[in-house]
Amino acid sequence: MSAPQRSRGGRPAVLSEEKIIAAALAVIDAEGLDGLSMRRVGALLGVEAMALYRHVPNKNAMLAAVVDHLTAGAATRPAPGTPWTDALAGFGHRYRDVLLGHPAAVPLLATHPVSPATAEALLTPILETVDHAGVTVERIQFAFQSVAVFVLGHALAQVGTPPGDGPATRSASTSYYDAWFEAGLSALRRGFAVTPAPDDGPL
């Protein structure tokens, strides 16, 4: 039997998928996606890179786990009877907060779709508690998917914009993006809230 991996302090390192995801996200936050590697994550955790493979099979799996972790951060269970459009807007704001909290990870989420299991875990509690108000579940699902795409695209535009020359310029830029976001989210909310005519299709 091989000897257990040891941390830099000399004690056996206790690894888990959760710790690896947290370390991977810390590397992305500090060094960007280009700085992420199994070796770099292992070094942050005080172990050899090979020790990580018991928990994540490869770098792509680690990236997928980071995507699911960040997306799950926008999950919530609204109070029973909450109008579904309120839950939709709340999700949009939470998801944006998650993305802007980890700007270097936004391109990752734009190119790696969330797993079906995580998407279901995020949406199911909402569908179980909100007031559908005669709207089909399929329409609500399309609404949440559309808001998720809008939030992600908006965040990608915002974090990809170089900052201004000074604090005043950055503040103005932030205000601009905030106003743009609210306008877009409100438009989506109003649009999906409109009950379609019977011949308009399944939406």
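**Exercise 1. In which helix is the place of Gln158, and is Gln158 buried or exposed?**

Solution. This is a predicted model, so keep that in mind as you work.
- Step one: find Gln158 in helix α7, which covers residues 137-159.
- Step two: check its relative accessibility, which is 16%. Buried means under 20%, so Gln158 counts as buried.
- Step three: look for its partners. Beyond the neighbours within four places in sequence, Gln158 is in contact with Arg96, Leu100 and Tyr177.

**Exercise 2. Work out what span the 23 residues of α7 should have, and compare it with the distance between the end C-alpha atoms.**

Solution. 
- Step one: the expected span takes 1.5 Å times one less than the number of residues. For the 23 residues of α7 this gives 33 Å.
- Step two: the end C-alpha atoms of α7 are 33 Å apart, so the two values agree.
- Step three: note the buried residues of α7, among them Ile140, Phe144, Val147, Val151 and Gln158.

**Exercise 3. Describe the surroundings of Leu70.**

Solution. 
- Step two: with 4% relative accessibility, Leu70 is buried.
- Step three: set aside the neighbours within four places in sequence; Leu70 then touches Leu25, Val98, His102, Ala105 and Leu109.
- Step four: take Val98 from that list. Its C-alpha lies 6.7 Å from that of Leu70, although 28 residues separate them in sequence.

**Exercise 4. How many helices and strands does the chain have?**

Solution. 
- Step one: count 8 helices and 0 strands.
- Step two: turn to burial, where 36% of the 203 residues are buried.

Methods:
Residues numbered from 1 in each chain as written. Predicted model: local features only at pLDDT ≥ 70, side-chain atom pairs only at ≥ 80, totals over all residues. Heavy atoms only, no water. Buried < 20%, exposed > 50% of the residue type's maximum accessible area, 1.4 Å probe, protein only. Contact = heavy atoms within 4.5 Å. Helix = DSSP H or I, 4+ residues; strand = E, 2+ residues; numbered from the N terminus.
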